[in-house]
Amino acid sequence: MSILGLSILSLARFQFAMTTVFHFFFVPFSIGLGFVVAIMETNYVIQKKDIYKKMTQFWGKIFLLSFAVGVVTGIIQEFQFGMNWSQYSRFMGDIFGAPLAIEALAAFFLESTFIGLWMFTWDRFKPVWHCLFIWLTSIGSMLSAVWILAANSFMQDPVGYALKTVNGNTKAVMVSFADVVKNPQLWLELPHVLFGAFLTAAFVIAGSSAWRILKGKNIEFWRKSIKISLIVGLVAAIGVTAVGDQQTQYIIKNQPMKFAATEGLYKTTGDHASWAIVEGMDNKDHKVTWSIEIPYVLSMLSYHKPSGAVTGANPLNKQLHKQYDKKFGKNMNYFVPMHTLFYSFRIMAISAGVFALLAILGLYWNRKKSDQIVRYRWFLYILGLSLWLPFIANTAGWFVTELGRYPWVVYGLLTIADAVSPHVTVGSLLFSNIIYFLLFAGMGAVMIVLSHRVLVAGPDADLQSGYGVNDEDKQDTDESVDPYAKGAFNHE
Amino acid sequence: MSSLQFVWFLLIGLLFAIFFFLEGFDFGVGMSVNTLANNESERNALVRSIGPHWDGNEVYLITAGGAMFASFGAWYASLFSGFYVMFLLVLVALIMRGVSFEFRNEMRTDFWRRFWEWSLTISSLAAPFLLGMIFTDMVKGMPIDAQGDVIGHFTDYVNWFSIVGGVAVALLCYLHGLNFVRLKTEGTLRERARARGKVLYPVLFAGEVVFAILVYVYTDFFTKKPISTLLILAAIVLLSVLAYVATLKDWEVTSFISGGLTLPAVVMLLFVGLFPRVMVANNAANSILIKNASSSAYTLNLMTWIALCILPFVLAYQIWSYWVFYKRIKAN
């Protein structure tokens, strides 16, 4: 059954892409921002300077907004597996459900409880204890990354399982939890995602601060924000590149098709493989039509030496048919979306380079004794624009990871087509796609407007009350009843 | 059925029970924002009363869902795909609710502040109503095929039983929220919440009678487990009568606890009725059973240990967080 030529499968895939991409705008932002805000508050505790308290509260306000959207869009993800991918849930419940439940138990409770404590107790606890709350929130959000990525890593690279057939249905059962947790894929994905999260927060803070410096107020506040965020950003840019390199080595062996696609290779290269900066592809005839290449670089990237051939998608396709035809039939298509992967990979990798460069320049020009950063307005504009780049890079990274697994939902075990809920109708999927789209558009717009408003109001606004931008309201409302007021507890 | 499978069936029931007890009053307070408070300052006090807690309370739903996925993948798959549109609407409600708290605080104009307050009120009503419908439909029985997929029509989802079930759960949450307001606020809000409870408890009693009759008509509870069904129904009624008496006598803690416990009691009624199934099919042969729907013994065993290790800490810091915010909030 289909409406407008749409099938359950294509709608469910679109929905997964849309909801995860939107969710993952806010997740790395929140993880990173929680971490940077925790660093800021730690600075306050150690140095006792008021400016750090202001920084904590100011960026903390944006953190709370992003956290809220991250939480609510996360619930969709948990329900979605059952709603749209019931066959997947039946096949994988044993293995996928466990980390998901642990995520809720170990991470969600921690972050949700302590963010509540952090938000409402500025004047009730000593700074050290209050600072502990934001660290526990931050640790909670990072723990949640551990467990959801453990689940994702299994889908990329199944380990510690056995296949069992019950009543004619095959399902995967866990044999070793230790193997699932030790999955090398996880310990590459996790630092990659965390560094990406730190980069996201770092460049949103640095970029927003750059825009505010251009307006010329509170220069010291914005410059200090840039300093802290770009230190985090530089470390993260180096970290993400190093981990990315390790991941390359891993993927060549474990998901060669994904790697061939990120490098746009249909044919196996010669012994000295050159790296294509851009290229044109013919996806029908499975060949590269034109390309601009740098010699030796692909061998260097792949094997850390100038020689070494990289297998192309065409021979890999044959190999995969040989390997899986018995189980999955001859009609499978093992070619991943080559174009998307090729360019997504480049966007992601080049972004990392841009971040490293901006961080070095920014930190240098932002030295205490220098006012270059304030004078180099062109640089502030570039830094300001760069605040959008992490979101693009994060999305591109997940495109490589997730689309590169095609046609599998669980690599080598379950195809995407076999995973979808068989009896959900096209109509209800279309309806839910439209609803989610409208919700996301609305929430995205509100988020941008509110964050912008907080930025414009700046650190001089009343940050503790939560009505920071709304001084008129403060006058006709008793401070003590304001849900986000610090003073509420003093009025007994 | 192994003892591990039984433990996990219980544990999921327990997680839903805790969820409804805790998030129940959040829902109720959310509904009260536009039905109990008369001015901005009172609305602030209400939001404030659940501000630090609602998110942590909602995690019980996520944990229940995750635990269901981990321990009974087949149940999770059938339930969520089978009640597709209803879960979609639950999600919409939870999303609107979750962002309302933050967004309302950042609004500059009255119009937009009221917009998010209404969004909070409506979504706080919709979520328990829809969850009530889903749970009543689940025990009523659905058309389920041999693969475990629900293939239902409109009336399988929306019928007298599920509507009354939804209204009952929403009303219980509302009353639970009013009792919470009595505990947590001072002045007019506290008095008004009590006055509202005095009016609404008699309505609830009528609802409970209708619900009990519909349980008899729509489910096999009375034929399969007459004694436990009657006992739990009696407990639900007794708890609400106690809450009503406590409202009249102005015993705030008693009305909060006994009124709140009606929600776990309803969850208990449904889970006892479900047992030993997890999904009831119209054609009894297709009902999904605990013994067939569960994960492997390895996973269940693992999850038991993990839950035993982590849950005590979770409960400890959550209780501590309630203790930190024990003071009453005053609206002027």
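## Helix α14 of chain B

Helices are DSSP runs of H or I, at least four residues, and strands are runs of E, at least two; both are numbered from the N terminus.

α14(B) bends by about 30 degrees at Ile310(B). The bend is the angle between axes fitted to the seven residues ending there and the seven starting there. A proline, Pro312(B), follows within four residues.

## Basis of the model

This is a predicted model, where local features need pLDDT of at least 70 and side-chain atom pairs count only at pLDDT 80 or more, while totals for chains, interfaces and linings use all residues. Residues are numbered from 1 along each chain as its sequence is written, and chains are lettered from A and ligands numbered from 1 in the order in which they are written.

## Buried face

The buried residues of α14(B) include Leu300(B), Met303(B), Ala307(B) and Val314(B). Buried means 20 or more other C-beta atoms within 10 Å of the residue's own; exposed means 12 or fewer, and partly exposed lies in between, with C-beta atoms placed from the backbone. Their cover includes α3 and β2 of chain A, together with α1 and α3 of chain B.

## Chain A against chain B

68 residues of chain A are in contact with 64 of chain B (C-beta atoms, placed from the backbone, within 7 Å). On the chain A side, α3(A) gives the largest share, 23 residues.

## Val85(B)

Val85(B) sits in helix α5 of chain B. Val85(B) counts as partly exposed because it has 17 C-beta neighbours inside 10 Å.

How values were computed:
Two residues are in contact if their C-beta atoms, placed from the backbone, lie within 7 Å.
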